[in-house]
Amino acid sequence: MQVVVLASGSKGNAVMVEMDEVKILIDAGISATRIRKGLASFGIEPEELSGILITHEHRDHIAGLTTLSKWYHLPIFARRGTLAALSCAVTVPRELLHPVAGDFVLEGLKVESFATSHDAAESVGWRIGGSEQFVLATDLGFVTSNVQQALEGADILVLEANYDPDMLQDGSYPWPLKRRIMSNRGHLANADAAWALARLKDRPGQVVLAHLSEENNRPEMVEETVRKILHRQGIDLPLSVARQTEPLVLSTENVMYQCS
Ligand SMILES: [Zn+2]
Ligand SMILES: [Zn+2]
């Protein structure tokens with residue numbers, strides 16, 4: 001499996017997952033041009049994508065969707081509530097929109113959406129399963145038992161670690177926005193991400209801490225906070241931190257053997 005986090009953070013999100021020779025994009029929250037160029041730098045053409053999975057309708061997850069759809073006509077998969085909310089925000093041909101409820105199969109990969117607690121119509125995280133397991137969970141007010149369960153057993157896990165509570169409290173955001181971020185339908189604090197990792201029974205192979213706030217977090221800080229909490233629990237996990245502007249690439253060693 002190869003994962004390219006093209007961008008992650010409050011200003012735009014897009015992640016490409018390649019598993020068993022199938023390529024899927026999750027969210028299109030940066031411009032279509034950035035997505036095209038970002039993929040091209042890894043030798044990938046957008047036409048190779050089998051589809052786009054959308055977590056929810058907030059702008060930082062869909063900003064490039066209209067243009068991307070116009071250029072490449074890729075099928076878009078999301079919950080019904082998300083598609084309804086999307087239809088107010090983007091102009092996408094109806095035939096590209098595919099509502100999902102339970103699991104579905106995309107080019108041989110099992111794709112599952114799981115509900116997240118966030119202030120959007122019907123936000124979800126995604127699990128993609130084939131010869132390996134990939135899980136993405138961002139934009140979480142808190143880790144519900146349903147989400148905690150969905151995080152189990154990933155080879156690569158992308159998990160939100162949005163803010164440091166002290167930076168948020170002391171920062172310049174107006175109080176209603178601070179309250180929204182900290183609420184059960186807002187975003188996940190660094191320590192809460194760490195505790196969700198610590199609680200896992202079937203630990204992930206690699207963890208990407210993602211969707212960092214530009215105002216209320218620092219990459220070094222999130223890594224230190226999460227490492228410290230895990231260390232105190234006697235847990236050591238390979239961690240990396242996704243950035244807003246530079247892509248992050250991860251791959252697993254799993255070799256595919258094909259009968260020739
Ligand atoms: Zn959101
Ligand atoms: Zn977001």
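## Close-up views of a predicted model

**View 1. Lining of the second largest pocket.** The residues lining the second largest pocket divide into three nonpolar, seven polar and three charged. The model is predicted. About 170 Å³ of space lies in this second largest pocket. Its lining counts 13 residues, and the closest to the pocket centre are Ser10, Arg180, Ile181, His187 and His211. Helix α7 (residues 175-182) supplies the largest share of that lining, three residues. One of the residues closest to the centre, His211, is also a donor to the zinc ion (ligand 2), through NE2.

**View 2. The zinc ion (ligand 2) and its donors.** Four residues coordinate the zinc ion (ligand 2): Asp60 (OD), His61 (NE2), Asp139 (OD) and His211 (NE2). The distances run from 2.1 to 2.2 Å. Why is the arrangement around the zinc ion (ligand 2) irregular? Its four donor atoms subtend angles of 91 to 164°, and a tetrahedral site would need all angles between 85 and 135 degrees. In sequence, the donor residues follow the spacing D-H-x77-D-x71-H. The pair Asp60 and His211 links distant parts of the chain, 151 residues apart. Asp60 sits in helix α2, His211 in the loop between β12 and α9. Both Asp60 and His211 are buried.

**View 3. Asp139 between the two zinc ions.** Which residue bridges the zinc ion (ligand 2) and the zinc ion (ligand 1)? Asp139 does, and the two ions lie 3.5 Å apart. Asp139 has a relative accessible area of 1%. Asp139 is therefore buried, the cut-off being under 20%.

**View 4. The largest pocket.** About 230 Å³ of space lies in the largest pocket. Its lining is made up of Arg80, Leu83, Ala84, Leu86, Ser87, Val90, Val92, Arg94, Leu97 and Pro99. Two elements, α4 (80-89) and β6 (97-100), each give two or more residues to this lining. Helix α4 gives the most, five residues. By class, the lining has seven nonpolar, one polar and two charged residues.

**View 5. Helix α4 and its cover.** Buried residues in α4 are Gly81, Thr82, Leu83 and Leu86. Leu83 and Leu86 also line the largest pocket. The cover over the buried residues of α4 includes α2, α3 (65-72), β5 (76-79) and β6.

**View 6. Helix α8 and its cover.** Which residues of helix α8 (residues 190-199) are buried? They are Asn190, Ala193, Ala194, Ala196, Leu197 and Ala198. Among the elements covering them are α5, β11 (156-160), β12 (206-210), α9 (219-232) and β13 (239-241).

Note on methods. Residues numbered from 1 in each chain as written. Chains lettered and ligands numbered in written order. Predicted model: local features only at pLDDT ≥ 70, side-chain atom pairs only at ≥ 80, totals over all residues. Heavy atoms only, no water. Buried < 20%, exposed > 50% of the residue type's maximum accessible area, 1.4 Å probe, protein only. Helix = DSSP H or I, 4+ residues; strand = E, 2+ residues; numbered from the N terminus. Contact = heavy atoms within 4.5 Å. 1 Å grid on protein atoms, 1.4 Å probe; cavity = no way out; pocket = protein on both sides within 12 Å on 5 of 7 lines; lining within 4 Å. Points joined across faces, edges and corners; volume = space filled by probe spheres on them. Nonpolar A, V, L, I, M, F, W, Y, C, P; charged D, E, K, R; others polar. Donors = N, O, S within 2.8 Å, 3.2 Å for Na, K, Ca; no water. Tetrahedral: all angles 85-135°; square planar, octahedral: opposite > 155°, others 65-115°.
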